[in-house]
Amino acid sequence: MGGNKARRKALIGGGKKKEISGREMKKGVKGIASNYIHRTKAVRRLQVSLKDFRRLCILKGIYPRDPKKKPHGNDKTYYHIKDIKFLMHEPLLQKFRNMKAFLKKHKKARLRRAWKAAESLQKNLKPTFNLDHLVKERYPSFVDAVRDLDDPLSMVFLFAMIPSKTCKEHISSFPRECLQLAREFQLWVVKTHALRKVFVSIKGMYYQAKVNGQDVTWIVPHKFKQTTPQDVDFRVMITFLDFYVTLVRFVNFKLYFDLGLRYPPNIIDSKENSGAYLSALSMEEAGRERTFESKITATVEVKTEDQEKLQEKVRQIAGQLDEEEAEMDEEEKEEEEDGEGADGEGSDGEGADGEGADGEGDIEADETGEKENEGEGEMELEIQKAQKGLDDEAAATLVFSGLTIAISREVPQDSLEFVILAGGGQVVRKGEATPEDHTITHEIVDRPRQKHTLFSRQYAQPQWIYDSFNYRTLLPIEHYAPGAALPPHLSPFVDDEKEGYIPKQREVLRSWGGKVGGQPVVENDADEEGGVEKDEEKVDGKELAKIMMTNKHRKLYDKIKFGEQRKEAANNKLRAKRRRLELEEEKAEEKKEHAKMTKKQKK
């Protein structure tokens, strides 16, 4: 009977599997069971606590996996076995073990009330470690670090606002350190004019800058009283912050080093005590006392000297060509004089040769003239770029160049100072200048009425700064006057053409500035008939491609089309709402006109 059961199991496929050689395979040697390991087993293998294991995984960038088959149950957290083997050789592992031993000794001394022994242990035997090697390990090149800078910057700006002691690991030095790193990065963005987009939302202020050719987007919370939620594990966030602070410090140092500037920048105590934000920091060259502006002027001088040398060379070449042309003209005249005494046939032949010589001389003169003009045009462009020290995209952001803007106390001063300085303007805080300073051209206020106004300056609300910067032009200030109903603040991060709906305010901004998102409006005047034929061809091609799709790709395509249809339905609702509001406005205007007419008739 037993032999029959074993034979039946072997036929069905049950029991232990066998290799080709006939030996029985052990469970968990091959396949998914051998490639993944659950968290409890990984913690035992590394011989650390669960808290240290989580911290180590966050710092090393190792996250749980989701295998198709879970050999130890669906309620377990799985990691790849290669990741755990990678962690076994991490130097921080020994540091964590040393810290665990130190905490045991420190706790024992405190329980014995040996305060001096506990204090000496804290000073002399507490292990320390840094995360510099992890930055080099996770980001082999600087571009990789810049691409991953969105979350670190957002976290640094967040903890610069959050009060300390949210948890035991959140010490009081974290907000100061995060604020210093945030200011250093913003100062680099201001001096290089790398800011591209700004958007103010309920969550905070979104910024986007171009750093080494990469778009970096981060969010800064509003400067209000911060309430720390109870359902957030701040210990995990502090672990992320430890690594992010090290990464941002590395990035800041590299950005300053590439410009030849000293890092960290110096702090001007007088401006720091007066409450200045970015103006309290000064950039200086590494090893010298010259500022960043003096470095730009020096580079401009070098470039202009090079341009003068090039111009001298071009003039020399042009002079040589003029001499050669004069010699050619003299030779031609001599040939013509010789040809007059010769026979008709010979004179005809010489005349033909003379014409060829004249044609060649004219061609050469034209070529040299074109080269000279091209050289002079290139020189002028290079001189202009050298004087600006910027590329075309950065030069377009200099919206506030030549303006001196005063900032009142009730507005977000730090954010406005950052945007105005990035746009090429100058900032004056309310307490720094005299009330009747005539150098101030604009004043940003957020109160409906002003006690004392000056005719030498214009007054506007903070949204005028953000909208003008996004549209790369100074928008009409009367729409942003104090007490006026502000127009909608549109996000520069949204592509209206891709979304399929262009808001009315976008069209209004087109009429105000003539530009949309910093780009000129381009109208498409294609023929309607040709467009219809192309659309029909595209539809036929899509239908054929859909027929040739596999079931998996067809389902994915149907999901994409469903999302597009849902977006189109939402856009249609917005258009209907817009038409309804426009009709209501027209009816209200008609009622006003009718009321005015009735009053006139009664009079």
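## Salt bridges within helices

In this predicted model, Glu119 and Lys123 are joined by a salt bridge whose closest N and O atoms lie 3.6 Å apart. Both residues belong to helix H7, which spans residues 115-125, and they sit four residues apart, about one turn of the helix. Glu119 has a relative accessible area of 46% and is therefore partly exposed, whereas Lys123, with a relative accessible area of 64%, counts as exposed.

A salt bridge also links Asp258 and Lys254, with 2.8 Å between the closest N and O atoms. These two residues lie in helix H12 (residues 234-258), four residues apart, or about one turn of the helix. Asp258 is partly exposed at a relative accessible area of 40%, and Lys254 is partly exposed at 30%.

## Further salt bridges

Over the whole structure, a search finds 18 salt bridges.

## A parallel sheet and its helix

Four strands make up an open sheet with parallel pairing, in the order E9-E8-E10-E11. Its edge strands are E9 (426-429) and E11 (458-460), each of which pairs on one side only, and the twist from one strand to the next averages 25 degrees. Strand E8 (residues 404-407) runs parallel to E9 and is joined to E9 by four bridges; Ala406 has Val428 in E9 as its bridge partner.

Helix H17, covering residues 413-422, packs on this sheet and touches E8, E9 and strand E10 (442-444), while the direction of the helix makes about 155 degrees with that of E9.

## A nonpolar surface patch

Leu544, Ile547 and Met548 make a nonpolar surface patch of about 390 Å². Of these residues, Leu544 is placed in helix H21 (residues 528-547), and Leu544 counts as exposed because its relative accessibility is 57%, above the 50% cut-off for that class.

## The protein as a whole

The protein contains 22 helices and 13 strands, and 31% of its 603 residues count as buried. Its accessible surface comes to about 40,500 Å², of which carbon and sulfur atoms contribute 51%. Among contacts with a separation of 6 or more, 60% are between residues 24 or more positions apart.

Definitions and conventions. Residues are numbered from 1 along each chain as its sequence is written. This is a predicted model: local features need pLDDT of at least 70, side-chain atom pairs count only at pLDDT 80 or more; totals for chains, interfaces and linings use all residues. Side-chain values use heavy atoms; hydrogens and water are left out. Patches are made of residues with over 30% relative accessible area and no salt bridge: like charges are joined within 9 Å, nonpolar side chains (Val, Leu, Ile, Met, Phe, Trp, Tyr) within 5 Å. Accessible areas come from the Shrake-Rupley method with a 1.4 Å probe; for residues, only the protein chains shown count as cover. A salt bridge is a side-chain nitrogen of Lys or Arg within 4 Å of a carboxyl oxygen of Asp or Glu. Buried means under 20% relative accessible area, exposed over 50%, partly exposed in between (1.4 Å probe, protein chains only). Contact means heavy atoms within 4.5 Å. Two strands pair if DSSP finds at least two bridges between them. Axes are lines fitted to C-alpha atoms, for helices over the stretch in contact, and angles run from 0 to 180 degrees between N-to-C directions.
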